[in-house]
Structures are given as C-alpha cells and as structure tokens.
Amino acid sequence: MLFFGILSIVLAVASAEFCYSDVEGACSNRPTSNDGALIPNCNAKYGAIDLLQADLQSYANANIESSFEYLLMSTYFGNYVAQREGFKDLYRKLSDKTWEDAIDLIKYIAKRGGRMNFNQLPRFKKTPKESRVLELNELSSLAKALDTQKQLAEEAMRIHGTAQAHNKHDAALGHYMEEQFFESHTKSVRDLAGYTSDLKQLLTERDPSVSVFLFDEILKKSL
C-alpha cells in the first residue's frame with residue numbers, strides 16, 4: 001500500500017507543469033508545444049499572481065488617474081488668477097507620489113511575470129461631478145483630495161485582504177502592499193484630514209480671504 005502511495009506521488013509530480021518538463025519536451029527529438037510556446041511554464045509566475053493580476057492592474061490605473069487629477073488641481077491653483085503656491089505644491093506632491101506608486105505597481109507586476117493592462121479600469125468609479133477638478137475652491141479641493149486618498153488606501157487594503165484569502169493566498173503580494181502603501185497612505189490621509197479641519201475653522205473668522213491666504217502661506221512653508 002505504501003509503495004502505491006509513493007508511486008502515485010511520483011507520477012503526480014512528473015505530470016505537473018514545470019519549466020524543467022517544458023525544456024525536456026522542447027529539446028527532445030520531437031518537440032511538443034503548448035499554445036505555440038515550447039516552454040510556457042518557464043516564467044516568473046508563482047503563488048496566486050494570475051488570480052490577483054487584474055486587481056494590481058486596476059490599482060495602477062487608479063493611481064495614474066489620480067495623479068493626473070492632482071496635476072490639474074496643482075495647475076489650477078498655481079495660475080496667475082488663484083496664486084495659491086501652497087495648494088499648488090501640495091497637489092503636485094500628491095501627483096508625483098501617485099505616479100511613482102503606479103510605476104512601482106507596474107514594475108511589480110512585471111517582476112511577478114505578468115503584464116500591465118492599461119485598459120483595466122479602476123474599481124472605484126467617480127461621478128462626473130466628482131471628476132470636475134477645475135471648479136473647486138480651496139476647501140472643496142482638500143475634501144476631494146482626502147476622499148481620493150481614502151479610496152486609494154481602502155483599495156490597497158482590499159487587495160491585501162484578497163491576497164490573504166485561502167483560495168488566493170499570496171504572502172509575497174500581501175507583504176508588498178503593506179510595505180509600499182500602508183504607511184504612506186496613513187500619513188497622507190491624516191495630513192489632508194488635518195488641513196481640511198484647520199481650514200474649515202479658519203473660514204469662520206471675520207475675514208475668510210485673509211485666513212485662506214495665511215493658510216496657503218503656512219502650507220507652502222510646511223511642504
């Protein structure tokens with residue numbers, strides 16, 4: 001009985017899809033192919049990356065979309081009409097960070113043997129009203145930035161949780177999400193929440209325009 005058990009294990013291993021088996025088949029006298037590729041299993045994929053790749057692609061595109069929105073906001077507040085250098089620098093910094101996160105995600109997908117798909121839409125969709133970034137005053141722009149950062153943070157946590165599921169378990173991906181996103185998202189959400197609360201209180205003063213000007217000056221020096 002033990003002999004048959006060992007034999008079944010050996011046969012299962014021998015019939016599994018491994019790079020070594022592909023190479024042996026490709027280098028034999030009569031090469032065999034699978035979907036046109038002689039060595040389809042000689043790649044960097046392991047774990048549950050095939051099941052989670054679409055989530056990573058979607059998240060990378062969400063960061064790219066957010067980066068362009070922040071860039072538009074930065075340009076709007078940096079023009080000769082608004083002249084809010086502090087807000088301009090804040091949104092340019094957020095634009096650069098989300099762009100860098102998107103690039104890092106694309107590199108990670110490639111590192112795990114996948115490909116980037118720029119047609120994979122973000123999971124959280126914004127309404128036409130939420131997409132208007134050039135009609136915002138200082139306070140509403142902070143509120144929009146805070147909502148965007150929370151959405152990015154929630155999506156990072158969702159992907160991390162999905163990577164821990166028993167049917168999609170991928171500890172390497174979970175660790176990557178923790179190291180790359182959790183701490184920076186916590187800081188950006190906290191900073192934006194503080195800016196929003198402070199500016200809201202300042203706008204209750206007798207001369208709101210002066211308060212906004214002073215807030216912008218403090219913001220510029222703190223970044």
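Q: At what angle do H3 and H4 pack, and how far apart are their axes?
A: Helices here are DSSP runs (H or I, at least four residues), numbered from the N terminus. Axes are lines fitted to C-alpha atoms over the stretch in contact, and angles run from 0 to 180 degrees between N-to-C directions. H3 and H4 pack at about 160 degrees, with axes 8 Å apart. Angles under 35 degrees count as roughly parallel, over 145 as roughly antiparallel, 65 to 115 as roughly perpendicular and the rest as oblique. H3 and H4 are therefore roughly antiparallel.

Q: What is the source of the model?
A: It is a predicted model: local features need pLDDT of at least 70, side-chain atom pairs count only at pLDDT 80 or more, and totals for chains, interfaces and linings use all residues. Residues are numbered from 1 along each chain as its sequence is written, and side-chain values use heavy atoms, with hydrogens and water left out.

Q: Which hand does the crossing of H3 and H4 have?
A: A crossing is left-handed if the near helix is turned anticlockwise from the far one by less than a right angle, and right-handed if clockwise. H3 passes H4 in a left-handed crossing. Their contact (heavy atoms within 4.5 Å) has 18 nonpolar, 8 polar and 3 charged residues. Ala, Val, Leu, Ile, Met, Phe, Trp, Tyr, Cys and Pro count as nonpolar, Asp, Glu, Lys and Arg as charged, and the others, Gly among them, as polar.

Q: How do H3 and H6 pack?
A: H3 (residues 49–77) and H6 pack at about 165 degrees, with axes 11 Å apart. That makes H3 roughly antiparallel to H6. Their crossing is left-handed. The contact holds 12 nonpolar, 6 polar and 6 charged residues.

Q: What about H4 and H8?
A: H4 (residues 85–111) and H8 (residues 208–222) pack at about 45 degrees, axes 7 Å apart. That makes H4 oblique to H8. On the H4 side, the contact uses Glu-85, Gly-86, Phe-87, Asp-89 and Leu-90; H8 brings Phe-215, Asp-216, Leu-219 and Lys-220.

Q: What lines the largest pocket?
A: Rolling a probe the size of a water molecule over the atoms shows where empty space is left. A pocket is an open set of points on a 1 Å grid over the protein atoms alone, where a 1.4 Å probe fits, with protein on both sides within 12 Å along at least five of seven lines; lining residues have an atom within 4 Å of a point. The largest pocket has 18 lining residues, with Lys-93, Leu-94, Ser-184, Ser-188 and Asp-191 nearest its centre. H7 gives the most, 7 residues.

Definitions and conventions. Helices (H or I, at least four residues) and strands (E, at least two) are DSSP runs, numbered from the N terminus.
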